[in-house]
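Reader: I'd like to learn how to read strands, sheets and helices in a model like this one. Could you walk me through it?

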Amino acid sequence: MEAKTSSRKNPGIITIERHILHEQESFPDATGALTQILYSLALAGKLIASRTTRAGLADILGSAGEENIQGEEVQKLDIYANRTIVQLNNHTGRLAVMASEEEKDIIPIPDRHPTGKYVLLFDPLDGSSNIDYNVSVGTIFAIYRRKSASGRGTLEDVLQKGADVVAGGYMVYGSSTMLVYSTGNGVNGFTLDPNIGEFLLSHENIRLPEPGKYYSANQGYTKYWTEGIQRYTRWLQGEEGAPRSLSLRYIGSMVSDIHRTLLSGGVFYYPSDTRDPKKPHGKLRLLYEAVPMAYIIEQAGGYGSTGRGSILDVQPTDLHQRTPLFLGNKDLVEKAEEFIAEYDD
Ligand code: P6P
């Protein structure tokens, strides 16, 4: 079933379920397992959205009094989102193993349930420190094929390069709830119609607009950045010989900042800084934040870099390792690599 070639604002009534089934036709050996995993993530998005939009009412505000592996105060919505995704996927026989930003170790499939051929990594609720301020938050996911032959999945199944992702995307819970995903054939966005509980195709075949419109970084840390990053930032502001200047937008919630970058063009970056020698690689995590978002940005015609090379080429060594990241229009991200190479190496 082909979507009408109308403007991406109104491609007709195409639910995400129908779109995913259509995408599945591109994979002749598809068994439907990947399709079912994407369905479960869409359902998780609806359930999480239903809670985030009334966070202020249902005593979900405020922390759960716990800390996660990152040492961050866990918000009750974090726990709900994490539990929802695990419980929707741990018994279906489609996954070998899961891993979450919220859990220290890999999440095995319970012995009583069958295992499958895919691996699911996710950040259940990114940006949750913003919940109390009613700032948009999001869920990020990446799906791989398992590397181990059978049985319970292993850490090696999880520590795969982003280049091997088979599907990835995010949900953003904001003024509306959207699900944006790719299975390697471009990027499509779906907006939740809460009246019918369906994600409907609203942004067909998203491509990063050229030239990019905004740059997005927390300039409160400028004094901690390397000379290359400080010069790059001035270049984005029209100095350092730049042909133009970009406007600044920074929400402080990665999914929202990258969603805007995807739709408006530009560059989002969270570089390493010199504040904490124990964290020489910045704040954001490689496996379930940088990789899925770099995958989406590159599927939309952009580029995702660590500042010294493609994020999708990094071989992970630790479940929660962090990475500097620069995501957006290829020319803007490559310019960051040039400044780093010239002034920081
Ligand atoms: P900073 C939110 O806490 C988060 O993990 C990302 O969503 C966001 O991009 C980043 O941290 C913001 O960090 O240091 O600018 O507050």
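Predicted model: local features only at pLDDT ≥ 70, side-chain atom pairs only at ≥ 80, totals over all residues.

Reader: How many residues lie between strand 7 and strand 8 in their hairpin?

Author: Three residues separate them. Strand 8 also forms a hairpin with strand 9, this time with four residues between, and G184 in that turn has a positive phi of about 100°. Strand 9 (residues 187–193) runs antiparallel to strand 8, joined by four bridges; Y181 has N188 as its partner there.

Reader: Is strand 8 enclosed or open to the outside?

Author: Buried here means under 20% relative accessible area. All six of the six residues in strand 8 (residues 177–182) are buried, so the rest of the structure largely encloses it. T177, L179 and Y181 point one way, while M178, V180 and S182 point the other.

Reader: What is the strand order in the open sheet of five strands?

Author: The order is 12-11-13-15-14, with mixed pairing. Strand 12 (247–248) and strand 14 (303–305) are the edges, each pairing on one side only. Inside the sheet, strand 11 (residues 214–216) and strand 13 (residues 266–270) run parallel, joined by three bridges, and S216 stands opposite F268.

Reader: Which strands does helix 5 lie across?

Author: Helix 5 (residues 227–236) lies across strand 11, strand 13 and strand 15 (325–328), at about 155° to strand 13. Helix 7 (residues 286–299) lies across strand 14 and strand 15, at about 25° to strand 15.

Note on methods:
Residues numbered from 1 in each chain as written. Heavy atoms only, no water. Pairing = 2+ DSSP bridges. Helix = DSSP H or I, 4+ residues; strand = E, 2+ residues; numbered from the N terminus. Contact = heavy atoms within 4.5 Å. Axes fitted to C-alpha atoms, helices over the stretch in contact; angles between N-to-C directions. Buried < 20%, exposed > 50% of the residue type's maximum accessible area, 1.4 Å probe, protein only.
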